[in-house]
Amino acid sequence: MSQFDSSTPVILLGGRENAVAVARNFGRKGIRIIASGLPGCRSMNSRYTKESYPVPDGMSASSYWRELLLSAQLDHLKGAIIFPFCDESLAFMETHRDLLAEHYLVEEFVPELRRIMLDKQATLKLAREVDVPAPRYWEITSNLDVQNIREEITFPVMVKPLDSYAFSHEFGRKLFIIHDSFDEVVEKVALARSKGHEVMVVEMIPGPDDLLSSYYTYRTAEGVRLFDYTKSVIRRWPLNRGGTCFHQSEWLPETADIGKKLFDRIGWQGFGNVEFKRDTRDGKLKIIEVNARFTAAHRLVTASGAPVDEMIYCHMTGQPVPTFTTYNNRLRMWYPIRDFMALRELSGLGRLGFTAWLKSVFAQKFVLPYFSFTDPMPSLAETGANISRLFGKIAGVFKRAERHADSKR
């Protein structure tokens, strides 16, 4: 067996817990780690990260990365593999792929497909074209378009941005859910469009969040899949629209089959993750979104015995690619605070009690998104930021109460 060659460094752009997990996995292998991102990019706090390049205040991440990687052209960074961990770094690499490839190792990908997958509406349209089930959606190009769908839509629906990154930054949420009011659909579309966000109206597949599952692969330019992996969702917070707060590593053949079908038929290249939700009305798995980067659940994926990051590293550096034929189907990944908030929401709806929640949490072994005894700084930095945000919210409540009291005097 040939010895693993760790001499090619990696540059991690952006991300949160996904980049931390990769920094640790590669760092333990002796690979040199360079990280760059905005505040909250915890991979820059990892003990395995040898160089950090935080994005300066007042500068966009993409502008800084262009200056760092293309203008400055630091000699010791040349030849490194660049991995994106957020939508902004994906867009940066898609825009500058050819220039970056002159100096760095960039994974194979089809720029047009990357652009489509960053557009939620284009993703659903392409899925339908290759016969992968997708929820109904209505294109909105003007406020008049909304009036024209009054008789077509069936509630509940979502007003969903085509570019979720910019929308989340503006509104602090991924989308708007409207349960039964057409007037609210009109209002939310107008609100989003007034802020410059393109949106669509899309049907909301009914049912709880545990109907969600996802498939992961890396597809080479020759159409070879380096691995197949699936997992499921136990809970999200906020319900039906938030991030996953309790994941389950689980092999799901049906999810894998439809994921392979999607990527094979569109000619996908590079890393791919696709999420589906089962529609209980017709029993079909329907596409929700595609990610072309390591996801938040990356620590779960590799801790379960699927070393997908190492496999991609070996593929890109021309080394024999390790394989796995099975992985831990009983490992979970848990976000304690967010899952407690999910409990509160579910409890208010009468769907989950505290005892049942505790049993679900401790029924199987789990990993945490950030915490590590041997690399504690990312977890401490994240905890400190959460406490700071909490005190900020409390201070805001007191200030609003004070202003209200003043107005009454």
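Asp87, Leu90, Arg114, Met117, Leu118, Lys120, Val290, Asn291 and Ala292 line the largest cavity of this predicted model. Helix H3 (87-95), helix H5 (111-117) and strand S14 (284-291) are the elements that each give two or more residues to that lining. Helices here are DSSP runs of H or I with at least four residues, strands are DSSP runs of E with at least two, and both are numbered from the N terminus. The space inside comes to about 60 Å³. A cavity is found on a 1 Å grid over the protein atoms alone, as a set of points where a 1.4 Å probe fits but cannot get out; a pocket is an open set with protein on both sides within 12 Å along at least five of seven lines, and lining residues have an atom within 4 Å of a point. Grid points are joined across faces, edges and corners, and the volume is the space filled by probe spheres set on the points. By class, the lining of the largest cavity splits into five nonpolar, one polar and three charged residues. Nonpolar covers Ala, Val, Leu, Ile, Met, Phe, Trp, Tyr, Cys and Pro, charged covers Asp, Glu, Lys and Arg, and polar takes the others, Gly among them.

Two cavities of 30 Å³ or more turn up in the structure.

On to the pockets. The second largest pocket holds about 280 Å³ of space. Its lining counts 17 residues, with Ile177, His179, Met204, Leu239 and Asn240 lying nearest the centre. Nine residues of this lining are nonpolar, three polar and five charged.

Asn240 shows up again in the turn of a hairpin: strands S11 and S12 are separated by five residues, and Asn240 has a positive phi of about 70°. S11 (residues 225-237) pairs with S12 in the antiparallel sense over six bridges; strands count as paired if DSSP finds at least two bridges between them. Lys231 has Ser249 of S12 as its bridge partner. S12 also runs antiparallel to strand S15 (residues 332-334), joined by three bridges, with Gln248 opposite Arg332 of S15. Six of the seven residues of S12 (residues 243-249) are buried, so the strand is largely enclosed by the rest of the structure. Buried means under 20% relative accessible area, exposed over 50%, and partly exposed in between, using a 1.4 Å probe and protein chains only.

Strand S7 (residues 157-161) is mostly covered too, with five of its five residues buried. Val157, Val159 and Pro161 sit on one side, Met158 and Lys160 on the other, and both faces are covered. Three bridges tie S7 to strand S8 (residues 176-178) in an antiparallel arrangement, while five bridges pair S7 with strand S9 (residues 199-203), again antiparallel. Val157 bridges to Ile178 in S8 and to Glu203 in S9.

A parallel arrangement is found elsewhere, in an open sheet of five strands ordered S3-S2-S1-S4-S5. Strand S3 (49-54) and strand S5 (105-106) stand at the edges with a single partner strand each, so one side of each has no neighbour in the sheet. Within the sheet, strand S1 (residues 10-13) and strand S4 (residues 81-84) run parallel and are joined by four bridges, with Val10 partnered by Ile81 of S4.

In helix H6 (residues 120-129), the buried residues are Lys120, Gln121, Thr123, Leu124, Leu126 and Ala127. The N-terminal end of H6 is capped by Asp119, which has a side-chain oxygen 3.0 Å from the backbone nitrogen of Gln121. After H6 comes Asp131, with a positive phi near 65°.

As for cysteines, the structure holds zero disulfides, a disulfide being a pair of cysteine sulfur atoms within 2.5 Å. The sulfur of Cys41 has its closest cysteine sulfur in Cys86, 7.9 Å away, which is too far for a bond. Cys41 is buried at 3% relative accessible area, and Cys314 is buried as well, at 2% relative accessibility.

Residues are numbered from 1 along each chain as its sequence is written, and side-chain values use heavy atoms, with hydrogens and water left out. In this predicted model, local features need pLDDT of at least 70 and side-chain atom pairs count only at pLDDT 80 or more, whereas totals for chains, interfaces and linings use all residues.

Key:
Polar contact = N/O pair within 3.5 Å; in protein donor to acceptor, adjacent residues only side chain to side chain.
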